[in-house]
Number of protein chains: 2
Amino acid sequence: MASTASLRVAPQADTYAAYQTPLAVRQACRSGALTGPTAGMAPGYVQGNLAVLPKELAEEFLRFCHFNPRPCPVIGMSEPGSFKVPVLGEDLDIRTDFPGYRVWQDGEVIADTADVTDYWRDDLVAFVIGCSLSFEEALMAEGLPLRHVDRNVRVPMFRTTVQCVPAGRFSGRMVMSMRPLVPAHAIRAIQITTRFPQVHGAPLHVGLPELIGVKDLMKPDYGDAVEVLDNELPVFWACGVTPQSVIAEAKPSFAITHAPGCMLVTDRRNTEFAIL
Amino acid sequence: MASTASLRVAPQADTYAAYQTPLAVRQACRSGALTGPTAGMAPGYVQGNLAVLPKELAEEFLRFCHFNPRPCPVIGMSEPGSFKVPVLGEDLDIRTDFPGYRVWQDGEVIADTADVTDYWRDDLVAFVIGCSLSFEEALMAEGLPLRHVDRNVRVPMFRTTVQCVPAGRFSGRMVMSMRPLVPAHAIRAIQITTRFPQVHGAPLHVGLPELIGVKDLMKPDYGDAVEVLDNELPVFWACGVTPQSVIAEAKPSFAITHAPGCMLVTDRRNTEFAIL
């Protein structure tokens, strides 16, 4: 697939240089200087997805996440009404520190915005959910090539036939991201990502995509297609798009998520999340 | 494949009952009461393969094993001329404590015997090499089904095109054992066996056997064929038959190995070999 401007997910090199620390990224979000994807910024630090829900849904959503830890690893959560998650950064403000947000009403997007201060309510609860950028860094640190990174496109993601464990009003199919790897790298990737259970952990499937309802690897439901070569296996990890997909299906009266690729950069190091 | 008497690798249930401890197994070998396969005996304890070589070859063989730890994990070794390996059992006698032996001269088998006391020489060095029975126990303890165990046949083994690291007069292709597993079990098996680097460790290949020179999964080079179902992946581990295969090719003037399936039962617990 051609790497066109519209497919680019990482900023240019000069942008990286300006955003080496989590605080620098968050401050740029707050000031409005940064409104695009965060992949590659503040290397070594955990980035997170966002789900904000009214308190009356938050308990059920937490239960959903708790029993679906692979796609929905909650790494931080606010008190009801609070926009602070100190465990991820003392200064952190959920309303301003993502480069972009989507505001949802009754399952429809009503706004794409870089600041949700005007939408904040006293009954909202914020969930920050671990993301695959953390384990991808660990994979690349060991020299495993990731095709979507090499191509500078988004990772391909598929709505599989694997059902999440339902909880209250939340249920649905698990979304998985797919990375093609030669068998020896697939084995090594299983070992490496097993060390990171809070950022999706080990793959959930390898090698036989039709068994999880994936009929055409070149037609992902989200992200961009990358080919799987004859000497490679498709390796599938639970994906943080799952909670968004499940929230969209539940059609809550109100919700806020991050805009695609526009993550929160936290003060936690990726290595802190390795269990060994 | 039909489970015929000639294919049976495990003894009958009443035999197991008599051999619950490593010492009981070794004493039965010494007395000549036990001359058959040891699979399933003294559950929980490490069993080992045997390679005995003259001192003038032993240094090269140790070097070969050291740089090929996956197929050749040396878990015990005698002083030159000694038939003791106290680290694996204080009372242990390499000459008598295996149920059966093969004696080799210039690459040919010259004797199949239950006792090599008469063949022992002052220049011999014994190597005890870890075996897959240890990790199979760990896999089964987690409920992963192993087809060759269910069928009571030997695991299928293949001489792959993967070359061992050569050392002195020892070189050759790696033999791998194959177990068919559904993808989720394959991933779990990679995790479990990663914990046991001294008994072959993680698989070396999964899913695309033609890449390692295996053209027909139903035609193993050693052991018995088991089918791989449509919803399964063939998973390959480095196999302890590799050192025997390499020794046979090197055609040393003299060597002793264990008879197929007739292992040494040691006092070390399988769990001791888990690195975490």
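Q: In this predicted model, does Asp106(B) count as buried, partly exposed or exposed?
A: Let's start with where the residue sits: Asp106(B) is in the loop between β3 (101–105) and β4 (108–113) of chain B. Its relative accessibility is 45%. Buried would need a value under 20% and exposed a value over 50%, so Asp106(B) counts as partly exposed.

Q: What is the phi of Asp106(B) near?
A: Asp106(B) is a residue other than glycine, and its phi is positive. The value is near 50°.

Q: Is His200(A) buried or exposed?
A: His200(A) belongs to the loop between α6 (183–194) and β8 (205–206) of chain A. This residue, which is not glycine, also has a positive phi, near 85°. Its relative accessibility is 1%, and the limit for buried is under 20%, so His200(A) is buried.

Q: Which strands are at the edges of the open sheet in chain A?
A: Four strands make up this sheet, with antiparallel pairing, in the order β6-β7-β9-β8. An edge strand here pairs on one side only. That describes β6 (157–163) and β8 of chain A.

Q: Which residue in β9(A) is the bridge partner of Val206(A)?
A: β8(A) pairs with β9 (residues 233–238) of chain A in the antiparallel sense, over two bridges. Val206(A) finds its bridge partner in β9(A), and that partner is Val235(A).

Q: What angle does the direction of α6(A) make with that of β9(A)?
A: The helix α6(A) packs on the sheet, where it touches β7 (173–181) and β9 of chain A. Its direction and that of β9(A) make an angle of about 15°.

Q: How many residues apart in sequence are the parts tied together by Arg151(A) and Glu227(A)?
A: Side chains of opposite charge can pair when their charged atoms come close. Arg151(A) and Glu227(A) form a salt bridge, with their closest N and O atoms 3.0 Å apart. Arg151(A) lies in helix α5 (residues 147–151) of chain A and Glu227(A) in the loop between β8 and β9 of chain A, so the parts tied together are 76 residues apart.

Q: Are Arg147(B) and Glu232(B), which meet in a salt bridge, buried or exposed?
A: The N to O distance in this salt bridge is 2.6 Å. Arg147(B) has a relative accessible area of 14%, and Glu232(B) has 10%. Since buried means under 20%, Arg147(B) is buried and Glu232(B) is also buried.

Q: How many salt bridges are there over all chains?
A: One of them joins the side chains of Glu272(B) and Arg268(B), at 2.8 Å from N to O. In chain A, Arg26(A), Arg30(A), Asp91(A), Asp97(A) and Asp267(A) are linked in a network of salt bridges. Over all chains, the count comes to 36.

Key:
Residues are numbered from 1 along each chain as its sequence is written. Chains are lettered from A and ligands numbered from 1 in the order in which they are written. This is a predicted model: local features need pLDDT of at least 70, side-chain atom pairs count only at pLDDT 80 or more; totals for chains, interfaces and linings use all residues. Side-chain values use heavy atoms; hydrogens and water are left out. Buried means under 20% relative accessible area, exposed over 50%, partly exposed in between (1.4 Å probe, protein chains only). Two strands pair if DSSP finds at least two bridges between them. Contact means heavy atoms within 4.5 Å. Axes are lines fitted to C-alpha atoms, for helices over the stretch in contact, and angles run from 0 to 180 degrees between N-to-C directions. A salt bridge is a side-chain nitrogen of Lys or Arg within 4 Å of a carboxyl oxygen of Asp or Glu.
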